[in-house]
Amino acid sequence: MKKISASSLKKLLRSGQEIALLDVREHGQYGACHLFFAVSIPYSLLEYRVRELVPNLHTPIVFYTNAQQHQLMQQVSERLKSLAYDNVAVLEGGIEAWQEAGYNTFAGVNLPSKTFGELAELKYRTPHLSAQQLHALMNDPSAKLLILDGRPLAEYQKMNIPGGICCPNGELALRATQIVADESTTIVINCAGRTRSIIGAQSLINFGIKNPVYALENGTQGWYLEDFKLEHGATRQYPEAIDSSLQSALQVKGQALQQRFELPTITLEDLINLLASEQGTTYVCDIRTQEEFKRAAWPSIVRHTPGGQLIQATDEFIGVRNANLVLIDTDGIRAPVVASWLKQLGWSVYLLPLSEGTKDLSKRLPERPSVELVLRHSTEIAAEALEDFIQQHADLLIADTRNSMDFKKQHLNNAIWLNRSHLLHQHELLQPLFNAPKSQAILLMGDNQAKNRLLASDLALLGFKHLYLVQIEPKFFANSRHALSQDDALLSEADCIDYLFFLHDRHQYNKAAARQYLKWETDLISKTDEDEKAVFNFSYVKPHSN
């Protein structure tokens, strides 16, 4: 197993070369403490996620674990080798060696994007309103106000500012002028915390919207901390139909933005040659809505990366630092806005205009290689057959593979919670499994079939010969005729290695967690070193008059 020291890794990250820095621990462990540029690819989904996030088999990969996780190191090294990655190293001494060398580690997620958002607010001096100021505006009968929530619908529906309309950040430039009454109406952009409020508001300002535009300081959490009422389950969204009469004027603004940020275009021929050359890593992205992406029916080389989320959580879509990002530009509005932020985040980004000459994109771009896992002794069963299957197999050992918190809330009686990492050291939670004969019928039930398949592969290697896999939906438990348990004491917090408590508790009416999260965001700038901040490019910020 090739190893790299902490100091050598630091130099590599500083060099500007391509590198995939992977944290292969489970997501809760990653969220509690990780390197600034690390991408989370937990071992429980390793083969599938690494192929998606690191598409070039020649990319230099450095992965890390905790120092004592020797079995995990070995397994990850072997799995990556089996997938034909040919330039893999492990951080010698684990994350502890990085810390002992005096380098920073961080809690939380999406560190580069979050830190960038805090810096962007300072550099641009993005206007903001406090929760109290917005509340006063909402209660002023003479005020003309539009509140737009820059998060995806699922997040918006958990809690939102009363009256706010869901319009994810990647859609703002195209949709906001269609929603707002006139140019004198004040537009306020909010998210749950800070980043998307800042980026959303500044996106409209950079785009040249004439309305007064503000970010809601601290988002819905700031609102909640002031004891103002939040709305839950709202369904208000931007209009799906695009008003074509507004597009020409918006495209002029898009062209101006493209010129200001010096955003290069790429031809289809050049993109095809770039992908074929395998010189470096290139991601081809459709940043539009899920519905538009599905209708396009692109080859699988094109990934759906909703624009707002691509800025907010780049590391969840892009696994290789210093790679090329190509955004398909279908309207001359949304892609330039998203590209302008990606360039400032430090990425090499290109626009691929969808002109007449590139309408055969679907025919000419290649498919993306996928992971084909050969399963032995395994049978996949349909979710609708699950109830009868359980009834017919009285001696079945049921392993629930969902998120640990979902298991704690509700699970089938006598089920065990199974995480792939726990198999490596025969965790005490898995004694019923390890004490079972190899002829034992085992049901792997969860909401992610990829996770089930990797577990089935591992269990087959351990000698189990009767494995059954099923992908379920949350409604299964509401409709199940089998006995359920809500005994959350089966798992301790330490067992829940896939869950980051402080990140999720802020949405559970926990004011202390909300304050902790907001402090974490605002402290990021002071905790990052110069190498980490140096990747960002704020050279396009216009000088301020004062």
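Here, a residue is buried if its relative accessible area is under 20%, exposed if over 50%, and partly exposed in between (1.4 Å probe, protein chains only). Strands are DSSP runs of E with at least two residues, helices are H or I runs of at least four, and both are numbered from the N terminus. This is a predicted model, in which local features need pLDDT of at least 70 and side-chain atom pairs count only at pLDDT 80 or more, while totals for chains, interfaces and linings use all residues. Residues are numbered from 1 along each chain as its sequence is written, and side-chain values use heavy atoms, leaving out hydrogens and water.

Let's start with strand β16, residues 397-400, which is covered on both faces. Leu397 and Ala399 are buried on one side, and Ile398 and Asp400 are buried on the other. Pairing takes at least two DSSP bridges between strands. β16 runs parallel to β19 (residues 441-446), joined by 4 bridges, with Leu397 opposite Ile442. β16 also pairs in the parallel sense with β18 (residues 416-417) over 2 bridges, and there Asp400 stands opposite Trp417.

Now for the second largest pocket. Its lining has 19 residues, with Pro55, Asn56, Leu275, Glu278 and Ile301 nearest the centre. The elements giving two or more residues to that lining are α13 (268-277) and β11 (282-286), and β11 gives the most, with 3. A pocket here is an open set of points on a 1 Å grid over the protein atoms alone, with protein on both sides within 12 Å along at least five of seven lines; lining residues have an atom within 4 Å of a point. Domain 1 (2-109) and domain 3 (257-358) both contribute to the lining, so the second largest pocket lies between them; the bounds come from an automatic or database domain assignment.

Technical notes:
1 Å grid on protein atoms, 1.4 Å probe; cavity = no way out; pocket = protein on both sides within 12 Å on 5 of 7 lines; lining within 4 Å.
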